[in-house]
Amino acid sequence: AVGTGVCHHGGVRRLISLIFVVSGLLIGLAVPAAGQEEAESVDVIEVEGVIDPTVSDYLRGRLQVAEADAAHAAIIRLDTPGGLDVSMRAIIRDILDSEVPVVVWIAPRGARAASAGTFITYAANLAFMADATELGAATPVDLGGGDISETLARKVTNDAAAFIQELARTRGRNAEWAEDAVREAASIGATEAVEINVVNGMASSLAELLQGMDGETAETGSGDTVTLETWDEAESRPSVGVRFQEMNLLQRLLHAVTRPDIAFYLVLIGLFGLIFELYNPGIGLAGILGGVSLLLGFYALSVLPTNWAGVFLIVLGVIFFVVDLQTAGLGVWTVGGAAALVAGGLLLFSGASPELELELGSLIVAVAATLVFFISVMTAALRVRLRRPITGEEGIVGAVGEAKTDIAPEGTVMTRGTLWRARTMETGIAAGSKVLVRATEGMVLLVEPWHEEGDAPAT
């Protein structure tokens, strides 16, 4: 019986071992098979809005990832009104040097590739357009702002025309129309663009694009010729995988602020925040919000085609509102401030393409918000600021408060239900400690630690 049991357990162990061995062999055979069957991928890089430094860094970074991952191709889905010349040229250099074939796809329906977008389209190995899309109007725009002389403008135009013609010859596209796009601001629709060899074809969906790309040849930056294989005719489906690439959160933020209306609002919000902080006797987030908004706003203005005379008028208009708040309490200075604000908004992006100009609706909203801010918020803040502390036994001097933050040497205290800035001559007062108000310096309290046995608080 014992021998039978031993034999039984030994057989079970051998069976388990055999199962593990067979499973290992199956897994070992399956892994290479999966790797062999895994399809190559194409990267779809989404690009929308102004071609600014953020878009340039994002797009070039995605092309580098496509190269590192040995992607079959990189598709740039493009919808742009144009952009900064320096950013555009950096993108084009990377497209021309790319070891992965680059395809520009102007999509979805209703999209356009104007100005810098036209140059990027011409730089790609292949270019496709969706129905109801537009390409062209590549006349150079100075997105750094400021007027340029007629002579300099002619030189810039000649340089841009020579550049896009060279791109056309490199990629075998219509060079004559490319020159017209620069010199005459010519634009073209998708159907005509295909007919005169401006783009390779039309594609209104990703499936149509992959089908249209299939069998096309592309020359990489190293001079190798690659034949694209992106569609399985037998099964009528893509023969490659698709990876969609998008901006990270910080890139989206920096790119979003380059919209003309957003840039305008950020400048106003920044000015409002700083003004409110100056009038507010307590500590708040207004100053921080205002500073961050101004930084983002001026970053956007440095990218957009900004007329800095317009910025000056906007700042002057806000100053007029402050003057009237201090003197007559919203009168003639307010009218002047509103007029300066309107003039500044109209002048801010004057001369830019229509897509980059400030819309009238955005300007009306900004003026209305400014009036509401100064009539309601700032009027209340001014009343608080003009409330003078009463000296003597009934004043705030001699009152006891609580340190809400460490005071070393400045911080925040709460006394008599109000939050105040505070300063001490001591080495430091920890948060939560009791403090005694010894004096005031404007809207700042001069405090020291309160010792219950030594000082008698004011009542």
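Biologist: Which residues do ring pairs link into a cluster?

Modeller: In this predicted model, a cluster linked by ring pairs takes in Phe272, Phe321, Phe373 and Phe374, and the structure as a whole holds 9 aromatic pairs.

Biologist: Phenylalanine 272 and phenylalanine 373, what's the geometry there?

Modeller: Their rings are stacked, with 4.5 Å from centre to centre and 15 degrees between the planes. The pair joins distant parts of the chain, given that phenylalanine 272 belongs to helix α10 (residues 260-279) while phenylalanine 373 belongs to helix α14 (residues 360-385), and the two are 101 residues apart.

Biologist: And why is the pair of phenylalanine 373 and phenylalanine 374 edge-to-face?

Modeller: The planes of phenylalanine 373 and phenylalanine 374 stand at 85 degrees, with the ring centres 5.2 Å apart, and because planes over 60 degrees apart count as edge-to-face, the pair falls in that class.

Biologist: Are those two buried or exposed?

Modeller: Phenylalanine 373 and phenylalanine 374 are both buried, and phenylalanine 272 is buried too.

Biologist: Switching to the cores, how many residues has the largest nonpolar one?

Modeller: It has 48 residues, and those with the most contacts inside it are Val47, Ile95, Phe119, Ile120, Tyr122, Leu135 and Val198. Apart from that core lies another, of 34 residues, which includes Phe264, Leu271, Ile314 and Phe321.

Biologist: What does valine 198 touch?

Modeller: If residues up to four places away in sequence are not counted, valine 198 touches Tyr122, Leu135, Arg173, Asn174, Trp177, Ile188 and Ala193.

Biologist: How do the axes of helix α3 and helix α4 cross?

Modeller: The axes of α3 (residues 85-97) and α4 (residues 116-123) come within 9 Å of each other and cross at roughly 10 degrees, so α3 is roughly parallel to α4. On the α3 side the residues that meet α4 are Met88, Ile91, Ile92, Ile95 and Leu96, and their counterparts in α4 are Ala116, Phe119, Ile120 and Ala123.

Biologist: Where does the charged end of arginine 89 sit?

Modeller: That charged end is placed over the ring of phenylalanine 163, at 4.4 Å from the ring centre.

Biologist: Last one, histidine 255: buried or exposed?

Modeller: Histidine 255, which lies in helix α9 (residues 249-256), has a relative accessible area of 13%, and because buried means under 20%, histidine 255 counts as buried.

Biologist: What is histidine 255 in contact with?

Modeller: Setting aside neighbours within four places in sequence, histidine 255 is in contact with Glu48, Gly49, Val50, Asp52, Thr54, Val55 and Met247.

Conventions. Residues numbered from 1 in each chain as written. Predicted model: local features only at pLDDT ≥ 70, side-chain atom pairs only at ≥ 80, totals over all residues. Heavy atoms only, no water. Helix = DSSP H or I, 4+ residues; strand = E, 2+ residues; numbered from the N terminus. Buried < 20%, exposed > 50% of the residue type's maximum accessible area, 1.4 Å probe, protein only. Contact = heavy atoms within 4.5 Å. Core = buried A, V, L, I, M, F, W, Y, C linked by side-chain atoms within 4.5 Å. Phe/Tyr/Trp six-rings, centres within 6.5 Å; stacked < 30°, edge-to-face > 60°. Lys NZ or Arg CZ within 6 Å of the ring centre and 35° of its normal. Axes fitted to C-alpha atoms, helices over the stretch in contact; angles between N-to-C directions. Parallel < 35°, antiparallel > 145°, perpendicular 65-115°, else oblique.
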